[in-house]
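Take a look at the protein chain below.

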Amino acid sequence: MEVSNQSSVIEFVLLGLSAHPKLEKMFSVLILLMYLVILLGNGVLILVTVSDCCLHTPMYFFLGNLSFLDICYTTSSVPLVLDGFLTPRKTISFSGCAVQMFLSFAMGATECVLLGMMVFDHYVAICNPLRYPVVMSKAAYVPMAASSWVAGGANSLVQISLAVQLPFCGDNVINHFICEILAVLKLACADISINVISMGVANVIFLGVPVLFIFVSYIFILTTILKIPSAEGRKKAFSTCSAHVTVVIIFYGTILSMYGKPKSKDPLADVKTAVRSLVAQKCLTQ
């Protein structure tokens, strides 16, 4: 389903696993099961956090935001993947593709910032416990979480606005199972230098800066924990950070596996990466 060079693309073809039809049903079942676990686990966490007054603390407020974000993040792509696997229809409209890219990009950037906010909460709780009630008051942590959503949405709006302004003509086949922005940009019949530069700057701000902040914060946290005289105190402090560290490692590890290595021409490799990404989201529900 290709469009001639003289006409504009009004829809895209998602190649997906067209070359591996026997694997589509197997992966669809696996992805659906993991998606349901993500919905159930994060949904229960949000419900418990909201209903229990004892959990109305900064840590659980950030966890609730992260759970809701994970639901939105997976929902922005998993239904599209399942639709491509289970139905003969492999196309998506230009506007639908733009919306899907916006949601995925916004949720990813927001999660990067939220993980940084969460490590700041741990840092204050462990390194400055006496000042914790003042520094992490409701007047502070609510705007912190809100700013994460605003920053992620604003970044996504910029990137997708630049992308949809590009002319798309000729080939409209996306070698992916979702509207992944890099795969879409490759189909543009115009110079994408501005898009590449813009995404590079965004990666530094939303990936590089949070990772550096998390790394430095945990150096201070680890130093403080090792100074705690009691073994029980050190164990409690380590347990406070363990879940966050696990999510950070898997989340950023998945991003590196997706964009830090040479791209495979086989969409099957992308599906395996997507499954790893769902595992990263599932870890939050544990």
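This report goes from the overall build to the sheet, then to the cores and the record.

**Overall build**

The model is predicted. Its chain holds ten helices and three strands. Read from the N terminus, the elements follow the order β-α-α-α-β-α-α-α-β-α-α-α-α. The chain has 286 residues, and 43% of them count as buried. Its accessible surface comes to about 14600 Å². Carbon and sulfur atoms make up 73% of that surface. Take the contacts with a separation of 6 or more: residues 24 or more positions apart account for 80% of them.

**The sheet**

The three strands form an open sheet. Their order is E2-E1-E3, and the pairing is mixed. Strand E2 (91-93) and strand E3 (173-174) are the edge strands, each pairing on one side only. Strand E1 (residues 11-14) runs antiparallel to E2, and three bridges join the two. Which residue of E2 is the bridge partner of Phe12? The partner is Ile92. Helix H4 packs on this sheet and touches E1, E2 and E3. The direction of H4 makes about 85 degrees with that of E2. In general, strands of a sheet pair through backbone hydrogen bonds, either parallel or antiparallel.

**The nonpolar cores**

The largest nonpolar core has 35 residues. Phe62, Leu115, Met136, Ile214, Ile221 and Tyr252 touch the most other members. Which helices each supply at least two residues of this core? They are H2 (58-75), H4 (94-127), H6 (138-164), H8 (193-226) and H9 (231-259). The largest share, twelve residues, comes from H4.

Now zoom in on Met136. Leaving out residues up to four places away in sequence, Met136 touches Pro58, Phe62, Phe120, Asp121, Val124, Tyr141 and Met144. Of these, Phe62 is also among the core residues that touch the most other members.

An unreviewed UniProt entry places the feature "transmembrane region" at residues 27-48, 60-82, 94-120, 140-164, 204-226 and 238-259.

| Span | Helix | Strand | Distance between end C-alpha atoms |
|---|---|---|---|
| Residues 60-82 | 91% helix | 0% strand | 32 Å |
| Residues 204-226 | 100% helix | 0% strand | 31 Å |

Key:
Residues are numbered from 1 along each chain as its sequence is written. This is a predicted model: local features need pLDDT of at least 70, side-chain atom pairs count only at pLDDT 80 or more; totals for chains, interfaces and linings use all residues. Side-chain values use heavy atoms; hydrogens and water are left out. A nonpolar core is a set of buried Ala, Val, Leu, Ile, Met, Phe, Trp, Tyr and Cys residues joined through side-chain atoms within 4.5 Å. Buried means under 20% relative accessible area, exposed over 50%, partly exposed in between (1.4 Å probe, protein chains only). Helices (H or I, at least four residues) and strands (E, at least two) are DSSP runs, numbered from the N terminus. Contact means heavy atoms within 4.5 Å. Accessible areas come from the Shrake-Rupley method with a 1.4 Å probe; for residues, only the protein chains shown count as cover. UniProt positions are given in the numbering used here, feature names are shortened, and annotations may be inferred rather than shown by experiment. Two strands pair if DSSP finds at least two bridges between them. Axes are lines fitted to C-alpha atoms, for helices over the stretch in contact, and angles run from 0 to 180 degrees between N-to-C directions.
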